[in-house]
Amino acid sequence: MIDLKKGLRLEDELGFGEELEAEDDDGDRVPGPGKLLKNMLAKRRVPAKNQRSSVNKRKDTRAFFLFIAPSLLGVLVFVLLPFLDVFGRSFRTVVTSKFVGFQNYATIFANQAFRLAVRNTVRFTLVCIPLLVVIGLMIALPVSKLKSAGTIKSLYLFPMAMPTATIVIVWKMAFYKQGFLNLALTRLGELTGLWGEIHTDYLGTEAAFWVLVFSYIWKNAGYTIVLWLAGILGIPNELLEAARVDGATERQCFFKIILPNLKGSLYTIVILSFLNSFKIYREAYLVAGAYPQQDMYLLQHLFNNWFVNLDFDKMAAAAVCVGGFLFVVIMLLQRVWDNKT
């Protein structure tokens, strides 16, 4: 076995490096001792380098799987296996577990309450996500210029720390017939003489939908602002300063520098907001009960009512449909994101 260091020293001492070619007895040119030694040393170096890289790669792979193993195990036990069980139940009856094919799916799509809940949920998502994204960005931009932006971020997360029951009490005090909003509007009407007393039941009319939208934005705007701030503060100041030196306006800096560098934050915010829009059930249920006003009736209300009535076959079929819809939407968003980047 050749020692690399000794071989290099031997090459220098004997001067083999200069004798790359030599002549044999017949006068033909053949590789000299210097070239032969260099070839031998090169063959020894390449495997050693490849061996070290392969060992490091195996170590990195092993560390990666050890790191994510607890999370993968939790997802497998508490998410994937239960979902597979639900998927199997969606093709069977509740009591006898008789295989009925797609009958459960046909039943839920023919159900008027299911169609109403789907329509309201989709409407709620399409309204809330753009509003939440835009409002969060509009607040984060001026806050990012303040020196105390780090302290202010903790204040925006305060709504998420409040118990849901407390939030519900606030909404009831604000929006019921004798609530704060009606009292304020009545007082304003008396001062201006434009209208009299107002006793509108906002939770019992079409306004209930917008009350739900307002409560969702109020609760989730905090983390949205924090995510926007993280993205904005991560943009190098040198880019903005160089653009301003070149004569760029604030509007040009926003559309040409800030927004392109916020694509990662935008994708994260949209996905989280989309998922959270399906978790608004607690507020809606505590405010208006299991059978709220028609515009406020969401998929979560429907699942709750089916659970109470032990309609597990319908719940399983609907859960599979909702899960598949969420998966498809997230994959489409991921594809759009990859194409833009």
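**Aromatic contacts and a nonpolar surface patch**

Because Phe 303 and Trp 306 stand three residues apart in helix α14 (residues 299-308), about one helical turn separates them. In this predicted model, a search of the whole structure finds 16 aromatic pairs. One of these joins Phe 87 and Phe 91, whose ring centres are 5.1 Å apart and whose planes meet at 80°, so that the arrangement is edge-to-face, planes over 60 degrees apart being counted in that class. Trp 306 counts as buried, at 4% relative accessibility.

Phe 87 and Phe 91 also belong to one aromatic cluster, which they form with Phe 99, Phe 102 and Tyr 105. A contact of another kind involves Arg 123, which lies over the face of Phe 209 at 3.8 Å from the ring centre.

On the surface, a nonpolar patch is formed by Leu 73, Val 75, Leu 76, Val 77, Phe 78, Val 79, Leu 80, Leu 81 and Leu 84, which together have about 850 Å² of accessible area. Among these patch residues, Leu 81 is located in helix α2 (residues 33-89) and is partly exposed, its relative accessible area being 46%.

Conventions: Residues numbered from 1 in each chain as written. Predicted model: local features only at pLDDT ≥ 70, side-chain atom pairs only at ≥ 80, totals over all residues. Heavy atoms only, no water. Phe/Tyr/Trp six-rings, centres within 6.5 Å; stacked < 30°, edge-to-face > 60°. Helix = DSSP H or I, 4+ residues; strand = E, 2+ residues; numbered from the N terminus. Buried < 20%, exposed > 50% of the residue type's maximum accessible area, 1.4 Å probe, protein only. Lys NZ or Arg CZ within 6 Å of the ring centre and 35° of its normal. Patch = residues over 30% accessible without salt bridge, like charges linked within 9 Å, V, L, I, M, F, W, Y side chains within 5 Å. Areas by Shrake-Rupley, 256 points an atom, 1.4 Å probe, with all protein chains shown as cover. Salt bridge = Lys/Arg side-chain N within 4 Å of Asp/Glu carboxyl O.
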